[in-house]
Amino acid sequence: MFYHHAMDQRRSRTCRALTKWIVYMMVMAPFWKCASGQFRYSISEEVKEGTVVGNIVKDLGLDKSTLKQRVYRIVSGSAEPHFRVNQDDGVLYVNRKLDREEMCDRSKVCVIDLKTVLENPLEVHYVAVEILDVNDHAPSFPEHEKILEISESALPGARFQLKAARDADSGSLSVQQYKLSHNEHFRLEVKDRGEDRKTPNLVLQKPLDRESVKTHELLLTAFDGGKPLKSGNMTIIVNVSDVNDNPPVFTQDSYNVQLKENSPLGTTVIQVNATDLDEGSNGEVVYSFGNDVDAQASALFDLNQVTGVITVAGGINFEESGRYEIDIQASDKGAAPLTTDKIVIINIVDVNDNAPEIEVTSFSSALPEDSKPGTTVALISVKDSDSGLNGKVMCYINQDLPFLLTPSLQNDMYSLVTKRLLDREQQSQYNVVIVAKDAGEPSLSSEKTITIDVSDVNDNSPEFSHSPYAFYITENNNPGAAIFSVTARDNDEGSNAVISYMISRDRGEKLLTSFLNVNSENGDILALKSFDFEMLKTFQFQVVATDSGAPSLSTNVTVNVFILDQNDNAPVILYPLSSNGSAEGVEEIPRNVNAGHLVTKVRAYDADMGYNGWLLFSLQELTDHSLFGLDRYTGQIRTLRSFTETDEAEHKLVILVKDNGNVSLSATATVIVKLVEPKEAFAASDVKSAAKVDEDDSLTFYLMITLGSVSVLFLISIIVLIAMQCSKSTDYTSKYLQETNYDGTLCHSIQYRSGDKRYMLVGPRMSIGSTIVPGSHANTLVLPDRRRASEEVRAFLQ
């Protein structure tokens, strides 16, 4: 393109110059003698400066002596000419370096037209110099290195066009052929597009396998037609992109490992390893348990999905299973994952972790003192769950006793027999310690103590396990059910040790027969009525245990019973309270009140004690949560913000009052809050205050009665406590501390101290004359004033 443009410009300049000379010659024809001629020379490019092109004067037949006088010269432009003529001899020389590619680009024929001029007379001669091409350029590629990304799934025959090499020379000296370095996967095809344009194409002739060769490095060489040949190279890097065509492969054909039982949690059992020849996510391997792994194995072992490490996750017990076969699955992360399964065999190694077990299969606890030597007292069997030497057991007695352990015909069976006569007057009971020891390393052993009583006459009275008894039962018990039990034992034998129980009929205990009964055989105490803590808190009676000897012996025991409170009373709403008895009220407040204004206060009462009577308040229903707030402890309802014109004029608040029992009871109160204008509010408040006088008087009356009752009970308890301390010495000490009433629930707390222990009961009502029994089952109250207890019993029976 550039060549043709330059030739057009050169021809245009030549024509214009020629036209001027013709006009000039026509004008000056009478005065000048004009002569012209055309000669053609040829010379190779890249020749040295001063090289002779030809002798123009000689070829034209001009007079050499007149050249200088006639100013023989070459007409050229402003640029330095490529040629010059010697005015002395008319020889044409190369004036500067000739570069055919610069002068004529890639034209097939490069001709430089020169115009020589002689004056006096004017003569113009044209000389054409053809520049011959030499092979001074080697082929070159636009890129020194070409990187191709080819998927390994590409099929043979796939073509990949490459950029052609360029050679500044023309004709046969330009690029004539390409050559690809030897390889088995690719071949080269060259497409000839004419005009010295040959385009190379890379053709896949064998499938690629990234796992075998990730990168192919090829060398493409372009040759020109010169002699000697010149060439240019381009490196072709073929990166084979991966497809998921390889499943994970485990590094071992089999996995077999031994694991000691009782291995700690987290112990590494084995690490499985699988590799995937693919790359990227196709080559990332994750591990998981196979579908055939049972629940027991999956619970005992953990598998790290990334590392393939199997660790202990549960208790390993050889006695449960000595072998586990776990199916491990390795999967890659390809779009269509490929998986491989492998079985891991875990053999559990037994350790001596089970001590021998001793079982008495037959035993005669009553052994007459006149028994002959060799009398069988008991049959003993031993076993050990371990295996091998860990399960071999020997059994013996390591005491000097009148008994002997002899092996039986059956394995692991022994007989305990007497080896001499017994004398109860010297010893009435023997504790025989049987030792079983296995042969493991280290050895484990266990002991079993057999108590043998020697029978005698009835010379022992029954003895209760506790004296006195203290029992704590919750109110609302089921009538007819056993509420507790007393137990007595007799050191005698046979019928002398058979004990019967009965309730003493002395003094006030006669009152108890109507609601208490005792099982004469086992000492179970049954309640015929349901107790109510609010009516009866404690009572006392005596139980008599009598043996069956002749004559019989008996023993009395005092039983103190304490009734424990249950959450059986729901909260009672004291305010608001409507005229029909429902917990509803209407409150009118001015619309212009500020945030924090006290709207009203919900008051409630619970007859239960402690946490059962501790009340909490909450909003169950509210039309606008941004307007009102409720204090969960005091029951006070306050505004959260100022009212706006867009707020509703009436709001309904449903307050839930519930106690803190394990199964909480609750009650609800409804407060209707009406927003009125300030003037209406003042008028309504006057009417409301007059209307509420009677209601407040009634509420005040009830509160006064309640507080008066609590105060009277408190004073009576103080008096009883002082009288008890003055009239009767006791090991029990008590201190109490009355706390302030809890706002909104009418409850109080009392703290007791007994020895190093301190107890606190919280509730709406409590008898202060109570003390704590040290060593009892729980922190419980004891009322030592029997007269007061009798009064409560009589009240309960009524």
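Of the 798 residues of the chain, 41% count as buried, where buried means under 20% relative accessible area, exposed over 50% and partly exposed in between, with a 1.4 Å probe and protein chains only. The model is predicted: local features need pLDDT of at least 70 and side-chain atom pairs count only at pLDDT 80 or more, whereas totals for chains, interfaces and linings use all residues. Residues are numbered from 1 along each chain as its sequence is written, and side-chain values use heavy atoms, with hydrogens and water left out.

**Overall architecture**

The chain has six helices and 53 strands. Helices (H or I, at least four residues) and strands (E, at least two) are DSSP runs numbered from the N terminus. Among contacts (heavy atoms within 4.5 Å) between residues at least 6 apart in sequence, 65% join residues at least 24 apart.

Two strands pair if DSSP finds at least two bridges between them.

| Strand | Residues | Sense with β21 | Bridges with β21 | Residue opposite Thr311 |
|---|---|---|---|---|
| β17 | 268-271 | antiparallel | three | Thr268 |
| β20 | 301-303 | antiparallel | three | Asp302 |

The hairpin of β20 and β21 has five residues between the strands, and Gly308 takes a positive phi near 75 degrees there.

Asn273 lies in the loop between β17 and β18 (274-275). With a relative accessibility of 36%, Asn273 counts as partly exposed. Leaving aside residues up to four places away in sequence, Asn273 touches Val249, Phe250, Thr251, Tyr255 and Tyr287. Asn273 and Val249 are 24 residues apart in sequence, and their C-alpha atoms are 8.3 Å apart.

**An open four-stranded sheet**

Four strands form an open sheet in the order β8-β14-β13-β10, with mixed pairing. The edge strands, β8 (145-151) and β10 (175-180), each pair on one side only. On average, neighbouring strands of this sheet are turned by 25 degrees against each other, direction ignored; axes are lines fitted to C-alpha atoms, for helices over the stretch in contact, and angles run from 0 to 180 degrees between N-to-C directions. Five bridges join β10 to strand β13 (residues 215-224) in the antiparallel sense, and Ala222 in β13 is the bridge partner of Tyr178.

**Aromatic contacts**

The structure holds 16 aromatic pairs. Rings of Phe, Tyr and Trp (its six-membered ring) pair if their centres lie within 6.5 Å; planes under 30 degrees apart count as stacked, over 60 as edge-to-face and the rest as tilted. Phe471 and Phe484 form a stacked pair, 4.2 Å centre to centre with 10 degrees between the planes. This pair links distant parts of the chain, with Phe471 in strand β33 (residues 469-474) and Phe484 in strand β34 (residues 482-485), 13 residues apart. Phe471 is buried at 12% relative accessible area, and Phe484 is buried at 8%. Ring pairs link Phe464, Tyr469, Phe471, Phe484, Tyr501, Phe515, Phe531, Phe539 and Phe541 into a cluster.

The charged end of Lys537 sits over the ring of Phe533, 5.1 Å from its centre; this description requires NZ of Lys or CZ of Arg within 6 Å of the ring centre and within 35 degrees of the ring normal.
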